[in-house]
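Me: I would like to go through this model and ask what stands behind each label. Please set the values against the cut-offs.

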Amino acid sequence: MLVLKFGGTSVGSAENMRKVANIILSESTSKIVVLSAMSGTTNNLVKIVSQIKNEENSGAVLEVEQMHMKYLEVIDELFYERNYFVGAEVLLKNIFSQLLS
């Protein structure tokens, strides 16, 4: 059994995500795959929490919106089939709307 963990720059772009997928698929052994945040996400979340704590809500909202746009750009590059993109887009919208509520 293999345990494979990917995060940060290794999942920071659509191109890198494809490389990770190829690594995962190249192993026929049973495996557990752990994915953590895309590059920059943890820092963005820390910044958002800090802004909220300091009552800088407009800055926090802007940061969340910028993160949302970054993720939309990645899924646009990642998914060639429209229905996969739409599914990912709906998921992102739900997640980011929760961050803004």
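Predicted model: local features only at pLDDT ≥ 70, side-chain atom pairs only at ≥ 80, totals over all residues.

Me: Which helices and strands does the chain have, and in what pattern?
Reply: There are four helices and two strands, and along the sequence they follow the pattern β-α-β-α-α-α. Helices (H or I, at least four residues) and strands (E, at least two) are DSSP runs, numbered from the N terminus.

Me: Why is the pair of Tyr 71 and Phe 96 called edge-to-face?
Reply: Rings of Phe, Tyr and Trp (its six-membered ring) pair if their centres lie within 6.5 Å; planes under 30 degrees apart count as stacked, over 60 as edge-to-face and the rest as tilted. The centres of Tyr 71 and Phe 96 are 5.7 Å apart and their planes stand at 70 degrees, so the pair is edge-to-face. This pair links distant parts of the chain, with Tyr 71 in helix H3 (residues 57–78) and Phe 96 in helix H4 (residues 82–100), 25 residues apart.

Me: What makes Tyr 71 and Phe 96 buried or exposed?
Reply: Buried means under 20% relative accessible area, exposed over 50%, and partly exposed in between (1.4 Å probe, protein chains only). Tyr 71 has 17% and is therefore buried. Phe 96 has 4%, so Phe 96 is buried too.

Me: What is the pair of Phe 79 and Tyr 84 called, and how accessible are its members?
Reply: Phe 79 and Tyr 84 form a tilted pair, with 6.4 Å from centre to centre and 45 degrees between the planes. Phe 79, at 29% relative accessible area, is partly exposed. Tyr 84 has 49% and therefore also counts as partly exposed.

Me: How do you know that the buried residues of H4 line one face?
Reply: The buried residues of H4 are Phe 85, Ala 88, Leu 92 and Phe 96. Seen down the axis of H4, they fall within an arc of 70 degrees, so they line one face of the helix; the arc is that of the directions from the helix axis to the C-beta atoms. The face turned away from the buried side carries the exposed residues Asn 83, Leu 91, Lys 93 and Gln 98. What covers the buried residues of H4 includes H3, where contact means heavy atoms within 4.5 Å.

Me: Why does Glu 63 count as buried, and what does it contact?
Reply: Glu 63 has 9% relative accessibility, so Glu 63 counts as buried. Its place is in helix H3. Leaving aside neighbours within four places in sequence, Glu 63 is in contact with Asn 44, Lys 47, Ile 48 and Gln 51.

Me: What makes Val 74 buried, and what does it contact?
Reply: Val 74, also found in helix H3, has 9% relative accessibility and therefore counts as buried. Neighbours within four places in sequence aside, its contacts are Ser 13, Ala 14, Met 17 and Met 38.

How values were computed: Residues numbered from 1 in each chain as written. Heavy atoms only, no water.
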